[in-house]
Each structure stands twice: as C-alpha cells, then as structure tokens.
Amino acid sequence: MLFKLLKYDFRAMWKQFSLIWGAALVLALVNRFTLFRNAESGLHSGLLMFAFGAVIAAMLVICISFVLDRFGRGLLGSEGYLMHTLPVHPWQLVASKLICGMVAWIISGWVAFLSPILMVPFDLSDLIQFPWGKLFQGILKHPDVPVLAAEFCLMTTSAIVLSISTMYLSMSIGHLLPHHRKLVSVAAFIGLYIILIYFYTRVFTIRLVQYIMGLTTINIHGAMLTAAFTLLIPAGLFLAAVCWILRYKLNLE
C-alpha cells in the first residue's frame with residue numbers, strides 16, 4: 001500500500017515541479033548563449049539573469065510550501081478524512097509524504113546546482129577530449145573521494161529528513177488545538193528549533209560526539225557518519241511523535 005501512496009504523492013509532485021524545473025534548466029541554457037556576448041545584449045542578459053534568479057528563488061519557496069501543503073492538507077486538512085479511512089498505518093501515510101518531500105528537495109537542489117554550470121560556455125570538443133582515464137585512475141588511487149562524497153550525501157539527506165520532520169511535528173502540534181492552529185504551529189517550530197540547537201550544542205557536540213569518536217578512528221569519515229547519525233536521532237523521535245498524534249490525537253479541520 002505504501003507504493004500506491006508514493007505513486008499518488010509523486011504524481012502530485014511532478015505536476016507541481018515539472019514546469020519550474022524545466023524553466024530553470026531552459027533559462028540556464030539561454031543565459032549560456034547570451035550572458036557572455038557583447039555589451040549590446042547587456043540589457044537582455046540582465047533580464048534573463050533576473051528571470052533565472054526569480055525561478056530559482058521560486059523553486060526554493062515551492063519546495064517548502066509543497067512539504068507543508070502535502071502534509072497539512074493531505075493528513076490534517078480536508079483530504080485527511082479520506083486518507084485516514086484507507087487501510088494503512090499512520091506511519092505509511094507519513095513515510096509517503098516524507099519520501100516525496102525528500103525527493104522534491106533533492107532534485108530541486110540538483111537543479112539549483114547544475115543550472116549555473118550550464119550557464120558557463122564551454123566547447124563540447126574539450127569535454128570529449130578531456131583525459132577521463134587519468135581522472136578515474138586518480139580517483140582509484142584515492143578511494144576516500146567517492147566514499148566522502150557518499151557520506152556527504154548521507155549527511156545532507158539526514159539534514160533534509162530532520163528539517164521535514166520538524167515541520168511535520170510543528171503542524172501536528174498546531175492541529176491539536178481548535179483555534180489559531182497556524183500560529184501555534186509556527187510557535188512550535190520555533191520551540192523545536194531552539195530545542196535542537198540546545199540539544200546539539202550541549203549534548204552531541206560536547207559529550208556524545210567525543211565519546212563516539214573515541215570509539216572509532218578520529219578522522220573525517222567518523223565525523224561525517226556521526227553527524228548523519230546524530231541528525232537522524234531527533235528526526236526519528238519527531239516522526240514517531242507525529243505518528244502517535246495522527247493515531248490517537250487526530251483533530252481534523
């Protein structure tokens with residue numbers, strides 16, 4: 001049943017993001033052929049750069065609103081009456097929204113990262129003639145490079161999970177009350193954010209990290225894996241609290 005929920009959520013994600021992802025990449029390609037031309041096209045280049053920046057900013061805003069809207073309307077709002085009658089557990093509903101939100105943020109991040117690269121003019125022949133063999137030989141001589149890249153992706157994914165789970169719990173707390181739900185949700189988010197800051201500065205970064213790092217080799221690998229692990233601990237607690245609220249304290253609009 002989880003796969004059916006994911007299919008439904010991914011379909012909604014594609015409808016909302018396909019246009020703006022395509023617009024960002026197309027504007028990046030257009031800017032590639034206009035940005036570095038002579039001064040006569042400076043005005044047009046400036047307008048295109050402004051449009052590109054506006055699309056990237058809009059994409060980031062849509063990422064946040066997508067996560068809030070899919071969870072709020074789908075599980076706490078009008079669609080919740082239908083979703084909670086399905087023969088699924090609350091964790092499956094939350095997992096579907098979480099995975100879809102993660103994918104949307106990750107793809108948007110890659111689009112925001114690749115778009116400026118597309119704007120840089122380069123000759124395709126130079127790319128073909130690049131000594132790729134030597135590059136791969138160098139990577140094989142330093143196997144830590146792909147491992148570090150994978151660990152960085154894991155740490156980034158953990159940070160995204162924590163961010164989304166904090167939003168979910170804030171909205172769930174806000175919907176426990178009959179009035180001023182949005183205001184309470186914002187206050188809950190601020191409170192959870194303060195708790196996280198205190199949690200990491202007082203516990204993890206001082207005591208637990210030193211303890212874990214003492215058990216493992218003190219290197220960058222241990223640091224990144226520890227960071228990813230410590231990010232997932234509060235995320236798991238937040239998601240468990242969300243599932244508990246949805247199961248026992250649900251208060252639909």
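Trainee: How many residues are in the largest nonpolar core, and which have the most contacts inside it?
Mentor: This is a predicted model, so read everything with that in mind. The largest nonpolar core has 48 residues. Those with the most contacts inside it are Phe 17, Phe 71, Val 94, Ile 164 and Tyr 168.

Trainee: Which helices supply at least two residues of this core?
Mentor: Helix 1 (2-34), helix 2 (42-76), helix 4 (90-119), helix 7 (144-174), helix 8 (181-215) and helix 9 (220-248) each do. The largest share, 10 residues, comes from helix 2.

Trainee: Take Phe 17. What does Phe 17 touch?
Mentor: Leaving out residues up to four places away in sequence, Phe 17 touches Met 59, Ile 62, Cys 63, Phe 66, Ala 104 and Ser 108.

Trainee: You mentioned Cys 63. Buried or exposed?
Mentor: Cys 63 counts as buried, because its relative accessibility is 4%. Cys 243 also counts as buried, at 18% relative accessibility.

Trainee: Let me step back. How many helices and strands are there in the chain?
Mentor: Nine helices and zero strands. Along the sequence the pattern reads α-α-α-α-α-α-α-α-α.

Trainee: What percentage of the residues is buried?
Mentor: Buried residues make up 35% of the 253 in the protein chain. As for contacts, take those between residues at least 6 apart in sequence: 81% of them join residues at least 24 apart.

Trainee: Now charges. How many salt bridges does the count come to?
Mentor: Three. One of them is between the side chains of Arg 70 and Asp 9, at 2.8 Å from N to O. Arg 70 is in helix 2 and Asp 9 in helix 1, 61 residues apart, and the pair links distant parts of the chain.

Trainee: Are those two buried or exposed?
Mentor: Arg 70 is buried, and Asp 9 is buried too.

Trainee: What else does Asp 9 form a salt bridge with?
Mentor: Lys 97, with the closest N and O atoms 3.0 Å apart. Asp 9 lies in helix 1 and Lys 97 in helix 4, so this pair ties together parts that are 88 residues apart in sequence. Lys 97 is buried, as is Asp 9.

Trainee: Why would such side chains pair in general?
Mentor: Side chains of opposite charge can pair when their charged atoms come close.

Trainee: Which side chains meet in the salt bridge at 3.2 Å?
Mentor: Arg 73 and Asp 69. Both lie in helix 2, four residues apart, which is about one turn of the helix. Arg 73 is partly exposed, with a relative accessible area of 38%, and Asp 69 counts as partly exposed at 33%.

Trainee: Which residues do the salt bridges join into one network?
Mentor: Asp 9, Arg 70 and Lys 97, through shared partners.

Trainee: Different topic. Ser 158, where is that residue, and is it buried or exposed?
Mentor: Ser 158 is in helix 7. At 2% relative accessibility, Ser 158 counts as buried, because the cut-off for buried is under 20%. Not counting residues up to four places away in sequence, Ser 158 touches Ala 228, Leu 231 and Leu 232.

Trainee: Last one, Phe 3. Buried or exposed?
Mentor: Phe 3 counts as exposed, at 71% relative accessibility. Phe 3 sits in helix 1.

Methods
Residues numbered from 1 in each chain as written. Predicted model: local features only at pLDDT ≥ 70, side-chain atom pairs only at ≥ 80, totals over all residues. Heavy atoms only, no water. Core = buried A, V, L, I, M, F, W, Y, C linked by side-chain atoms within 4.5 Å. Buried < 20%, exposed > 50% of the residue type's maximum accessible area, 1.4 Å probe, protein only. Contact = heavy atoms within 4.5 Å. Salt bridge = Lys/Arg side-chain N within 4 Å of Asp/Glu carboxyl O.
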